[in-house]
Amino acid sequence: MFVEIEGFPILSVAVQLAFVLVMAGVVLAFVRLIKGPSLPDRVVALDTMTVLIVAFCGLYTLQTGVRAFLDVAVVLALIGFLATVALARFIERRVARAAPDRRQDAAFPSGEDAP
Amino acid sequence: MILELFLSASVLLGGFFAFVAGLGILRLPDVLIRMHATTKAGTLASGLIMLAVIFAFGDASTVARGVSIVLFLLLTAPVAAHMIGRAAFRADVPLWGKTKIDPTARTKLGVPPRPGGKVRAQTASSTAISPTRNTNGTT
């Protein structure tokens with residue numbers, strides 16, 4: 001589908017370079033996912049990987065012309081947002097559950113779990 | 001011809017910002033600072049590449065899906081970053097040494113004071129948080 005300019009397929013080369021850059025970004029985020037010292041570090045790295053894989057789906061659509069990958073990108077953005085929100089709730093619940101007597105608000109005295 | 005050049009520039013800029021997002025995730029010093037990379041650079045990379053997809057095909061269903069992807073990312077990235085940041089602050093993740101913290105932020109967000117007194121980043125005066133400290137109005 002690419003139009004060549006004077007024998008040089010500029011868009012194809014640009015898409016290939018962008019593939020390399022996006023995959024380098026995914027690999028760097030994956031390194032942070034492995035060595036992240038705390039759980040919020042890993043969640044942020046996972047969120048970054050999801051957003052970059054959405055960009056990867058767009059690049060693949062450009063390269064092959066298969067538009068079904070745009071649906072994949074929509075679903076992936078939705079799943080990434082839901083995963084991030086669920087993991088954030090999980091971190092907050094874990095903190096509240098680990099130290100219920102250290103919470104300062106009077107609505108939940110010690111021994112009672114936060115809603 | 002012009003369309004090809006525009007698509008190439010948009011795709012290359014998107015790839016560059018994707019690489020910057022990964023680099024920022026790896027190299028920045030702190031959770032709250034690392035969220036800048038995923039929220040701004042990552043969303044910009046996906047938005048630029050989706051812009052290239054929209055202008056490359058141009059029919060109605062592709063444009064609708066691309067615009068919906070970009071709008072969804074722009075709507076959900078601040079919400080997700082806000083929730084992760086609040087959870088990280090409540091989980092007492094160690095922050096960077098130069099991060100300045102509002103001394104009333106721990107009481108406002110319901111974070112208990114650190115038990116051991118091992119406090120980084122400007123909160124050394126707020127280890128002995130008493131209930132009267134809220135009424136000072138200090139910022």
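# Exercises on a two-chain model

Glu92(A), Arg86(B) and Arg90(B) are linked in a network of salt bridges. The structure is a predicted model.

## Exercise 1: the make-up of chain A

Task: State which secondary structure elements chain A has, and in which order they run.

Solution. Step 1: count the elements. Chain A has three helices and zero strands. Step 2: read them from the N terminus on, which gives α-α-α.

## Exercise 2: the interface of chain A and chain B

Task: Describe the interface by its residues and its buried area.

Solution. Step 1: count the residues in contact. On chain A there are 50, and they are in contact with 53 residues of chain B. The size of an interface is often given as the accessible area lost when the parts come together. Step 3: apply this here. Chain A and chain B bury about 4700 Å² between them, and 76% of that is on carbon and sulfur atoms.

Task: Determine which elements of chain A supply the side that touches chain B, and what kinds of residue are found there.

Solution. Step 1: count the polar contacts. Between chain A and chain B there are 10 residue pairs in polar contact, both residues being at pLDDT 80 or more. Step 2: list the elements of chain A that give two or more residues to the side touching chain B. They are α1 (10-35), α2 and α3 (68-98). Step 3: pick out the one that gives the most, which is α2(A), with 15 residues. Step 4: sort the residues on this side of chain A by kind. There are 34 nonpolar, eight polar and eight charged residues.

## Exercise 3: the salt bridges

Task: Give the number of salt bridges in the structure and the number across the interface.

Solution. Step 1: over all chains the structure holds five salt bridges. Step 2: across the interface of chain A and chain B the rule finds five.

Solution. Step 1: begin with Arg67(A) and Asp59(B), whose side chains meet in a salt bridge at 2.5 Å, N to O. The pair crosses between chains: Arg67(A) is in the loop between α2 and α3 of chain A, and Asp59(B) is in the loop between α2 (31-57) and α3 (60-90) of chain B. Arg67(A) counts as partly exposed because its relative accessibility is 31%. Asp59(B), at 28%, also counts as partly exposed.

Step 1: go on to Asp71(A) and Arg65(B), which form a salt bridge at 2.8 Å, N to O. This pair runs from helix α3 of chain A to helix α3 of chain B. Asp71(A) has a relative accessible area of 36%, so this residue is partly exposed.

Step 2: take Arg86(B) and Glu92(A), where the closest N and O atoms of the salt bridge are 3.2 Å apart. Arg86(B) is in helix α3 of chain B and Glu92(A) in helix α3 of chain A. Arg86(B) counts as partly exposed at 25% relative accessibility. Glu92(A) is at 15%, so Glu92(A) counts as buried.

## Exercise 4: two single residues

Task: Is Thr50(A) buried or exposed? Name its element and its contacts.

Solution. Step 1: Thr50(A) is in helix α2 (residues 39-64) of chain A. Step 2: compare its relative accessibility with the cut-off. Buried means under 20%, and Thr50(A), at 18%, therefore counts as buried. Step 3: set aside the neighbours within four places in sequence. Thr50(A) is then in contact with Leu76(A) and Gly80(A).

Task: Which residues is Val31(B) in contact with, leaving aside its neighbours within four places in sequence?

Solution. Step 1: Val31(B) lies in helix α2 of chain B. Step 2: its relative accessibility is 3%, so Val31(B) counts as buried. Step 3: in chain A, Val31(B) is in contact with Ser38(A), Pro40(A), Asp41(A) and Val44(A). In chain B, the contacts of Val31(B) outside that sequence range are Ala88(B) and Val93(B). Step 4: for a distance, take Val31(B) and Ala81(B), which are 50 residues apart along the chain; their C-alpha atoms are separated by 11 Å.

Key:
Residues numbered from 1 in each chain as written. Chains lettered and ligands numbered in written order. Predicted model: local features only at pLDDT ≥ 70, side-chain atom pairs only at ≥ 80, totals over all residues. Heavy atoms only, no water. Helix = DSSP H or I, 4+ residues; strand = E, 2+ residues; numbered from the N terminus. Buried < 20%, exposed > 50% of the residue type's maximum accessible area, 1.4 Å probe, protein only. Contact = heavy atoms within 4.5 Å. Buried area = accessible area lost by both parts, 1.4 Å probe. Salt bridge = Lys/Arg side-chain N within 4 Å of Asp/Glu carboxyl O. Polar contact = N/O pair within 3.5 Å; in protein donor to acceptor, adjacent residues only side chain to side chain. Nonpolar A, V, L, I, M, F, W, Y, C, P; charged D, E, K, R; others polar.
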